[in-house]
Amino acid sequence: MDWIEVTLSVDGEAAEAVAELLQRYGHQGVAVEQEGIPPDQWDDGEAQPAQRLSVRAYFPADDRAEQARLELEQGLSYLNMMYPMPQPVYHTVRDEDWAEAWKVHYHPVRIGRRLLIRPLWAQADLQPGDVEIALDPGMAFGTGTHPTTQLCLEALEDRMQPGLRVLDLGTGSGILAIAAAKLGAASVLALDIDPVAVTISQENIEQNGVAEKVTTQTGSLESVVTSARRFDLIVVNILAKIIIAMCDQHLGEVVRPGGVALFSGIIDEQAGDVEAALRKTGLEPTARRQQGDWVLVEARRPH
Ligand code: SAH
C-alpha cells in the first residue's frame, strides 16, 4: 500500500489548528517543524524570529483516501473563514519509503541546557549530564519540535528543583511529565482529556523508566480541584482560550502558596488576556518567554 503525504506551510498562529485537523486523518501523528532552520539547531535558547512552520501528515492511499481528502479540504475551508489557510500539497509515497519518509522528519532535538529529545528509532550522541527523553509520539501531540513544547521544557529546566510535586495538565505524549520526572520531581500527575494521549503517554513514561514517579489519568482540572492535591509546580501547554476558561474554574487553587505555574500555547497578542485571567484566579504573572509568535507565561501563587 502507498501513502499520501500532505503538507501545509503555515504561520505559528495557524499551526495548532491545522495540526489538530490533520491529526484526525494522519497515521502516526502529525509533524510540526520550523521551515528553514533544522530542528537540531534550535537549541541556542534565543527567541526565534516569526517563522513559517510545515505541518505534515501521512494517510493510507486506499479506497478511503479520496473521502479523507475531501473531509480534510472541507475542514480547511472552515478554518479559512477564521484565518487564511494555504492550499495543502500532496505527494504519493511508496510503502517501502514511508517509514523512512516519516522518520526523517523527526530528529533528536537539544533543548535548554541538558535536555535531548530523541525519537525512539533515532541514534543520539549523549554528552555527560544530558537528560534524555526517548519518544514515540504516535498519535499524541508533543514531539518536542513544537515551539510551545520547547518553551515549556526550557522553563521546566530552569524552575525544577529536586522533590517538587508537579502537575502536567494536557500531557499529550507525556513529554513534559517525563522531563519533570527526569529533572528531579518527587511525583508527577499527568492528565489529558484524550484517552489516546493517556495511553501513549503511559507507554512513553514506561519507556523512559519514570513510571514510579508519574501517574497518568484521563481527566482535567476538575478532578484536581475537587481532590486535596496541591502542587509545587504546574505546567499547562494547551491554548490561551482554554487556560482563560480554566481560570474561572479555580485553576490557581491547585498551586500551593509559593508554588510556580507555567502556561504555554499562547500567541503573543493573547498573553495580556491570559495574564489578566491568571490574576483573577490568584496567580501573579512573573515572566514571559517567547519563541517566534509563541509566548510562555510564568506565574507564582503568592504566600
Ligand atoms: N504537554 C504536551 C502536549 C500539549 S498538546 C506538550 O507540551 O507538547 C495539548 C494537550 O492537551 C492535548 O493532548 C489535548 O488532548 C489536551 N487537552 C486539551 N484540552 C484539555 C483540557 N481541557 N484538559 C486537559 N487536557 C486537555
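Before the first pairing, a definition: two strands pair if DSSP finds at least two bridges between them. Strands and helices themselves are DSSP runs, E for strands with at least two residues, H or I for helices with at least four, numbered from the N terminus.

Now the provenance. This is a predicted model, in which local features need pLDDT of at least 70 and side-chain atom pairs count only at pLDDT 80 or more, while totals for chains, interfaces and linings use all residues. Residues are numbered from 1 along each chain as its sequence is written, and side-chain values use heavy atoms, with hydrogens and water left out.

Start with strand β12, residues 255-267. On one side, F231 has V255 in β12 as its bridge partner. That belongs to the pairing of β12 with strand β11, residues 231-237, where the two run parallel and are joined by 6 bridges. Between them the chain passes through helix α8, residues 240-247, making a right-handed β-α-β crossover. Right-handed here means that, with the strands pointing away from the viewer, the path from the first strand over the helix to the second runs clockwise.

β12 also pairs with strand β14, residues 294-300, this time antiparallel and over 6 bridges. In that pairing, L262 is opposite E298 of β14. Please remember E298, as the salt bridges come back to it.

How many residues of β12 are buried? The count is 11 of 13, so the strand is mostly covered, where buried means under 20% relative accessible area, exposed means over 50%, and partly exposed is in between, using a 1.4 Å probe and protein chains only.

Next, strand β1, residues 3-11. 7 of its 9 residues are buried, so the rest of the structure largely encloses it. β1 pairs antiparallel with β3 over 9 bridges, and in β3 the bridge partner of V10 is L53. β1 is also joined to strand β4, residues 89-93, by 5 bridges, again antiparallel. There, T7 stands opposite V89.

Among the helices, take α5, residues 175-182. It is largely enclosed by the rest of the structure, because 7 of its 8 residues are buried. The buried ones are I175, L176, A177, I178, A179, A180 and A181. Just after α5, G184 has a positive phi of about 115°.

On to the ligand. Which residues come nearest to it? They are T149, G170, D192, S220 and N237, out of 17 residues around the ligand, where a residue counts as near if one of its heavy atoms lies within 4 Å.

For polar contacts, the criterion is a pair of N or O atoms within 3.5 Å; within protein, one must be able to donate a hydrogen and the other to accept it, and residues adjacent in sequence count only if both atoms are side-chain atoms. A polar side-chain atom of S220 is 2.7 Å from a ligand nitrogen atom. From the backbone, an N or O atom of G170 is 2.9 Å from a nitrogen atom of the ligand, and for T171 the corresponding distance is 3.4 Å. The ligand on its own has 570 Å² of accessible area, and the protein covers 87% of that. Those areas come from the Shrake-Rupley method with a 1.4 Å probe, and for residues, only the protein chains shown count as cover.

Last, the salt bridges. Side chains of opposite charge can pair when their charged atoms come close. The cut-off is a side-chain nitrogen of Lys or Arg within 4 Å of a carboxyl oxygen of Asp or Glu, and the structure holds 13 such salt bridges.

One of them joins E5 and R56, at 4.0 Å from N to O.

Another pairs D158 with R113, the closest N and O atoms being 2.8 Å apart. D158 is in helix α4, residues 147-159, and R113 is in the loop between β5 and β6, so the pair ties together parts 45 residues apart in sequence. D158 is partly exposed at 33%, while R113 is exposed at 59%.

Then there is R289 with E298, at 2.7 Å from N to O. R289 is buried at 18% relative accessible area, and E298 is buried at 3%. Through shared partners, salt bridges join R113, D158, R159, R289 and E298 into one network.
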